[in-house]
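Have the model open as you read.

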Protein chains: 2
Amino acid sequence: MFSVYEVIKKKRDAFELSDDEIKFMIDGFVKEEIPDYQMAAFLMAVFFRGMSGREAMVLTECMVNSGDRVDLSAIKGFKVDKHSTGGVGDTTSLVLNPLVAACGGIVAKMTGRGLGHTGGTVDKLESIPGFKVELPKERFIENVNKIHLALISQTQDLAPADKKIYALRDATATVDSIPLIAGSIMSKKLAAGADGIVLDVKTGSGAFMEKYEDAIELAKTMVEIGELSGRKMVALITSMEEPLGYAIGNAIEVKEAIQTLKGEGPKDLEELCVNLGANMLLISGVVATVDEGKEKMRNAIKDGSGLNKLKQMVEAQDGNPEAIDKPNELLPKAKEEIPVLSPKDGFVEKINALEVGLAAKALGAGREKKEDVIDLGVGIYLKKKVGDPVKKDEPLAIFHSSDKKRHEEAKKRFLAAYKIGDKKVPSPKLIFAKVDKNGVEEY
Amino acid sequence: MFSVYEVIKKKRDAFELSDDEIKFMIDGFVKEEIPDYQMAAFLMAVFFRGMSGREAMVLTECMVNSGDRVDLSAIKGFKVDKHSTGGVGDTTSLVLNPLVAACGGIVAKMTGRGLGHTGGTVDKLESIPGFKVELPKERFIENVNKIHLALISQTQDLAPADKKIYALRDATATVDSIPLIAGSIMSKKLAAGADGIVLDVKTGSGAFMEKYEDAIELAKTMVEIGELSGRKMVALITSMEEPLGYAIGNAIEVKEAIQTLKGEGPKDLEELCVNLGANMLLISGVVATVDEGKEKMRNAIKDGSGLNKLKQMVEAQDGNPEAIDKPNELLPKAKEEIPVLSPKDGFVEKINALEVGLAAKALGAGREKKEDVIDLGVGIYLKKKVGDPVKKDEPLAIFHSSDKKRHEEAKKRFLAAYKIGDKKVPSPKLIFAKVDKNGVEEY
C-alpha cells in the first residue's frame with residue numbers, strides 16, 4: 001500500500017511514478033478513498049512536473065478502466081477514427097469520414113455533443129430531417145459492416161474517472177497540463193474502441209493549444225499513449241489562426257460539407273480533409289503512402305463517391321437523403337441573412353478565430369450548458385478571410401440570425417475579431433507538421 | 001470579488017498576487033467558502049512559485065487576523081522574544097531569557113508545548129517542583145513588570161488560519177515551502193505581541209532546513225515579514241549539525257541550563273545564548289552594539305545575575321527556587337543511568353542530530369501526539385561530540401532511562417547516529433550568518 005502523501009511528494013520532487021503508484025492515485029480517487037484536496041495537490045504537481053510517456057499512458061489506461069469500453073469486435077476490419085482538439089468552423093468530420101469510407105476505410109464513430117462555439121458533429125447531423133443520431137448497437141454495427149460508415153451519439157459512460165478528474169482540474173487551474181489533456185482525450189478515444197486514430201491537433205488563436213510547441217508536445221504525448229496501448233497513431237499539427245472554411249454554425253456547416261464533397265467547398269477545408277483522410281487510409285492499410293492516400297481522397301471528391309457515401313449514411317440512419325441534394329430547401333434556416341460590413345478599406349490581416357467562434361455562440365449556434373438548446377439554423381458565413389482585400393461597407397460575413405438582440409451582441413464581438421490593415425498578408429499555412437511513432441516531420 | 005480559479009492560475013503562472021487577492025484566499029478558506037481542494041492547488045502553486053516578501057507578509061497578517069492577538073500593552077518598555085526553528089537539545093530559552101532579563105531586556109514569553117524530540121520550554125519548566133506554567137494574565141503582566149521575565153504556556157487561539165492551513169499542507173506535501181513556513185512561524189510570533197524578535201534559524205542534519213541556502217532564504221523571508229509588520233528583527237543562522245550542548249531531555253536540560261548560567265555549561269550552548277541574547281539586547285535598545293551586548297551577557301553569567309533571575313522567575317511562578325540550587329536532588333530523575341559505549345576506537349566524525357533526537361523521543365522524552373505524557377526524567381547526556389577522541393567501550397553518552405524496552409530501541413537508534421572515523425575532524429562552526437533588514441552578514 002502506498003501513502004498518498006508520498007506519491008504527491010514524489011511527483012512534486014520530479015521523480016517518475018511507478019505504474020502501481022499512478023493506479024493507486026486514480027483508483028483511490030474514483031473510489032473516494034483519496035480526498036479531492038490531495039488529488040488537487042497532485043494535479044498541480046503534475047502541472048509543474050509533467051509526466052513521462054509511460055506515466056501518461058498508465059494514467060490514461062486507469063481512466064479507461066474506470067468505465068465501459070465500446071466493443072467493436074463485431075465489425076470486420078480495421079476501424080479508424082479521427083479526433084480534433086477543437087477549433088472554430090471545423091466541419092471536417094462530415095467531409096472526411098464519408099470520403100474515407102468511400103475509399104475503403106472503416107469508420108464506426110461515436111461522438112459526444114459537447115460544449116462549444118457550435119454543436120458537435122451529432123448536433124450538425126440533426127439538421128438533416130429525420131436523421132437519427134441514436135441507433136441500437138446492433139443497427140450501428142450492421143450499418144458499418146454494410147456501408148463502412150456510421151456516426152452516432154455516444155451514450156455509454158466512457159472514462160468516468162476522466163470526468164471526475166476533469167471537474168477537479170476545472171476548479172483548480174490544472175486544465176492546461178499537456179499529459180493531463182492528452183490523458184483526458186486519449187482515455188475517451190481508447191475506450192471508444194478504434195484500432196487506429198488520426199489526431200488533428202490545432203494551434204493558433206482559435207485553438208486550445210495556442211503555441212505551436214505546446215501542440216507538438218501534446219501530439220507527441222497522445223501518439224505515445226496510443227502506440228503504447230497498441231493503437232496505430234498519426235497526428236497532424238494544423239492551423240487554427242483563422243476559422244476553417246467559411247461556415248460557422250450547424251446547418252450551414254452541413255451545407256458547406258456537401259459543397260466540399262462536391263469539390264466546390266473552401267480550399268482550406270478540402271485540403272485538411274484530404275490530408276487527415278490520407279493518413280487514416282495509411283494506418284488502415286488501404287494505401288501504402290500518404291501521397292497515394294491523398295490521390296484516392298481527391299478522386300473520391302471528383303467522382304462523387306464521397307458525397308454518395310454521405311447520402312448512404314443519411315439513408316441508413318433514417319434521414320432524408322434528398323436534403324443532401326437540396327440543402328438550401330431542406331435544412332433548417334435562420335430567420336434572416338444579414339451582411340456585416342467592413343468598417344474600412346484594406347486587407348484582412350488577422351482574424352481572432354476564438355472570438356469569431358464566440359460570436360457564433362452568441363448567435364445561438366452553440367451551448368453554454370449541457371441543457372441549452374442549439375438553434376441549428378443560425379451561424380456565421382465568412383466572406384473575407386486572411387489575405388483578402390476588402391472595401392469599406394463590403395460584407396465581411398453574412399450572419400444567419402434569428403434574434404435581434406443576439407445579433408447585435410454577436411456583431412460587436414465579430415467586428416472586434418477582425419484586424420484590417422493596409423498591406424496584403426499571405427494566407428496562413430494550413431498544416432505545420434506530422435507526428436507519428438517515428439517522430440516529428442515538419443512541413 | 002475575485003475568482004478563486006483566477007487567483008490560483010495567477011500564482012501558478014508566476015504573477016504576484018495583490019493584497020486583496022491573498023486576503024480573499026485566506027479569509028475565504030477560514031470561512032469555508034473556499035474548499036480544501038482549491039486551497040490545496042493554491043498551496044502547491046505557492047510551493048513551486050514562491051512568494052515575494054510583501055505577499056508573505058500579507059499572508060502572515062491574514063493568519064494573525066484570523067484569531068486573537070496577545071495584548072502586552074500593559075507591560076512597559078520594549079518586549080523582546082526569541083524563536084528557534086527547532087533543533088535537538090536546544091536548551092537556549094532557559095539560559096538566554098534569564099540572562100537577557102538580567103541585562104535589562106524585557107521578556108514576556110508565551111510558548112506552546114509542541115511536539116518534538118523533547119518537550120517544549122514549558123514542559124521543561126514543569127520539572128521544577130511547584131512551577132506554574134499557566135498564570136492568569138494579570139499575574140503574568142505583573143511579574144514581567146516586576147522582574148522583566150515570565151515564561152508561560154500559550155492558551156489563547158493564535159492564528160487559527162495557520163492551524164487550518166498547516167493541516168492541509170501536512171496532507172498535501174506542501175509543508176516545505178519557505179514562504180509558507182515563514183508565514184506559519186511569523187503569524188504566531190506576531191500574534192504573540194513582542195516588539196522585537198530574534199530568530200535562531202537552524203541548519204544541518206538535525207534541522208528542518210537542512211541546507212544553508214534554504215535557512216538563509218527562510219531567515220530573510222521572516223525578517224522581511226516582521227519588519228514590514230513594524231517589528232525589529234534579527235535572525236542568526238546557526239548549526240544543528242550535532243545536538244546543542246550535552247543534554248537532550250527535559251529535567252536534564254534544566255540542569256544543563258543551570259550549569260550554563262553558572263558558567264559551567266557546554267561552550268556551544270553558552271556561545272549561542274550569548275550571541276542570541278546580544279542581538280535581543282541590541283534591538284531592545286539596551287546596548288548600542290552586538291559586542292557590547294555579548295560583553296553584558298557574559299558578565300551576567302560571571303556575576304550570577306542570570307542564575308538569580310531564573311530563581312526569581314521560579315519563585316514568581318510558584319516554583320521551588322531551591323531546585324535551582326540543588327537540581328540533582330529536587331528535579332525528576334530517571335530510574336537508571338546507563339552508559340552507551342563506543343563500538344570502536346577513533347574520533348567522532350559526525351553525529352546525526354535528528355537521529356539522536358529521535359532516540360531521546362524513543363526513551364520517552366518527547367511527544368508523538370498532543371495527548372502523550374512526557375517522562376520528564378529521561379533523556380540522553382552526551383559524553384562525546386564531533387571532534388572528540390574515543391576509545392572502544394568508553395561511553396559515548398549516558399542514557400537516563402526508565403524503561404528497558406524503550407532503552408533498547410533508543411540505544412540502537414543512537415548508535416546508528418554516530419560516525420566514528422580514524423582522523424580528528426574540527427568541531428562544526430556554530431554561527432554562520434546574521435540576517436537583518438540590512439541584509440546577510442556571513443561570519
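## Where the chains meet

Between chain A and chain B, six residue pairs are in polar contact, with both partners at pLDDT 80 or more; the model is a predicted one. Three helices of chain A, namely H1 (4–12), H3 (36–49) and H8 (160–172), each bring at least two residues to the side that touches chain B. The most comes from H3(A), which gives ten residues. Sorted by type, that side of chain A holds twelve nonpolar, three polar and eight charged residues.

Chain A puts 23 residues into the contact, and chain B puts in 23 residues. About 1,900 Å² is buried between the two chains, and carbon and sulfur atoms give 72% of this area. On the chain A side, the residues that lose the most area to chain B are A:Arg12, A:Tyr37 and A:Phe48, together 34% of what that side buries.

Which side chain does A:Arg12 meet in a salt bridge? The partner is B:Asp176, at 3.1 Å from N to O. Across the interface, two salt bridges are found.

## Cavities

The model has four cavities of 30 Å³ or more. The largest has a volume of about 40 Å³, and its lining includes B:Val70, B:Asp81, B:Lys109 and B:Met110. Strand E2 (residues 107–111) of chain B supplies the largest share of that lining, three residues.

To finish, here are the residue types side by side:

Conventions. Residues are numbered from 1 along each chain as its sequence is written. Chains are lettered from A and ligands numbered from 1 in the order in which they are written. This is a predicted model: local features need pLDDT of at least 70, side-chain atom pairs count only at pLDDT 80 or more; totals for chains, interfaces and linings use all residues. Side-chain values use heavy atoms; hydrogens and water are left out. Contact means heavy atoms within 4.5 Å. Buried area is the accessible area (1.4 Å probe) that two parts lose on being put together, summed over both. A salt bridge is a side-chain nitrogen of Lys or Arg within 4 Å of a carboxyl oxygen of Asp or Glu. A polar contact is a pair of N or O atoms within 3.5 Å; within protein, one must be able to donate a hydrogen and the other to accept it, and residues adjacent in sequence count only if both atoms are side-chain atoms. Helices (H or I, at least four residues) and strands (E, at least two) are DSSP runs, numbered from the N terminus. Ala, Val, Leu, Ile, Met, Phe, Trp, Tyr, Cys and Pro count as nonpolar, Asp, Glu, Lys and Arg as charged, and the others, Gly among them, as polar. On a 1 Å grid over the protein atoms alone, a cavity is a set of points where a 1.4 Å probe fits but cannot get out, and a pocket is an open set with protein on both sides within 12 Å along at least five of seven lines; lining residues have an atom within 4 Å of a point. Grid points are joined across faces, edges and corners, and a volume is the space filled by probe spheres set on the points.
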